Amino acid sequence: MDVTESKQETTTRTGEEFRAAYVAIIGRPNVGKSTLMNRLLQQKLSIVSPRPQTTWHRILGIRNLPQAQLLFLDTPGMHKSDAVFNQGLVRSARRAMADADIILWLLDASRPEDPDDQLILEQLREGKPTRATVILALNKVDLVEKPLLLPMIDRWREAYPVAEIIPISATKGDNLARLESVLVQHAPVGRPFYPPEELSDRPERFFIAESLREKVFGLLHEELPYAVAVQVEAVRAREGRDLTDVEATIYVEKESQKAIVIGAGGQMLKKIGALARPEIEAMLETRVFLRLWVKVLEGWRTDQVALKRFGYLEP
């Protein structure tokens, strides 16, 4: 490819240079990272739950604009923990920071004094990563009295030299157009990384599993700890029919948890399937026959082999 051709590929129809960037959305647990990414993508990819620490993978979502391609990395919440499972989640978030062109640091403006925010601040001050532009988004500003907002912005500006500080509400969508515009401004000039029809680099099975896990959390957030993993065993389209068979297994750590997920007469498991099926059908664009099983895998959250099997640790 010659230089002229390469330059044309990075120029939009309006004559502007095309921009592309990996944007790592980081923050402590339950700060609104998944809600924000889903809003920016205008489509649901990440689990959203009032329960903290429900994002267990680094999820890539692709936002295609006329002048730019923004590749959002939704990351697990960064926090201090001695648990092997949680440490793996934090490492995943740190890898996303290292890979990013832009770090979008999300803070909960309604709860600005949190030690886990200081953990992230320490990571940035240590110079890891060094090449990324840092943009700070103060989320949930709809819950904050306006006289308190300006001093908060000034305090964080003094704490770290971020490129921009933008107050937003991910839930209500307030000021997200401004945030997107700023992200495009700070994105490097370059060709898109993915075709314009792509929404993520994850396969369908991953999002089917995430949909099911979200429904388990939503229904059983008080009865179950974070001991639930989902593995999709099969996705098979029936020849000549608008129907796809989907088979998945929900893993828990104890027999007592298995009984909770199944429920009396299998009613809870049926409810999980009924809630997930419409979402999976929309994803696959076909009717779905969903088969679910529940199995016990004792202590999987502390088992390196199991964590790799479920994709929570790199092989």
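Select helix α2 (residues 33-41) and helix α6 (residues 176-186). Helices here are DSSP runs of H or I with at least four residues, strands are E runs of at least two, and both are numbered from the N terminus. The two axes come within 11 Å and cross at roughly 80°. Each axis is a line fitted to C-alpha atoms, for helices over the stretch in contact, and angles run from 0 to 180 degrees between N-to-C directions. That makes α2 roughly perpendicular to α6, a label for angles of 65 to 115 degrees.

This is a predicted model, in which local features need pLDDT of at least 70 and side-chain atom pairs count only at pLDDT 80 or more, while totals for chains, interfaces and linings use all residues. Residues are numbered from 1 along each chain as its sequence is written, and side-chain values use heavy atoms, without hydrogens or water.

Leu-36, Arg-39 and Leu-40 of α2 are in contact (heavy atoms within 4.5 Å) with Leu-176, Leu-179 and Glu-180 of α6. By class, four residues of this contact are nonpolar, none is polar and two are charged. Ala, Val, Leu, Ile, Met, Phe, Trp, Tyr, Cys and Pro count as nonpolar, Asp, Glu, Lys and Arg as charged, and the others, Gly among them, as polar.

Next, the core. Select Ile-103, Trp-105, Leu-124, Leu-136, Leu-138 and Trp-156: of the 31 residues in the largest nonpolar core, these touch the most other members. Such a core is a set of buried Ala, Val, Leu, Ile, Met, Phe, Trp, Tyr and Cys residues joined through side-chain atoms within 4.5 Å. Buried means under 20% relative accessible area, exposed over 50%, partly exposed in between (1.4 Å probe, protein chains only). Helix α5 gives the most to this core, with five residues.

Centre on Trp-156. Its contacts include Trp-105, Gln-118 and Ile-165. Gln-118 lies in helix α4 and is partly exposed, at 37% relative accessible area.

Last stop: aromatic pairs. There are three in the structure. Rings of Phe, Tyr and Trp (its six-membered ring) pair if their centres lie within 6.5 Å; planes under 30 degrees apart are stacked, over 60 edge-to-face, the rest tilted. Select Tyr-22 and Phe-193: the centres are 5.0 Å apart and the planes at 55°, so the pair is tilted. Tyr-22 lies in strand β1 and Phe-193 in the loop between α6 and α7 (204-220), so the pair ties together parts 171 residues apart in sequence. Then select Phe-206 and Phe-207, an edge-to-face pair with centres 5.1 Å apart and planes at 85°. Phe-206 and Phe-207 are buried.

Key:
Angles under 35 degrees count as roughly parallel, over 145 as roughly antiparallel, 65 to 115 as roughly perpendicular and the rest as oblique. Lists of a residue's contacts leave out its neighbours within four places in sequence.
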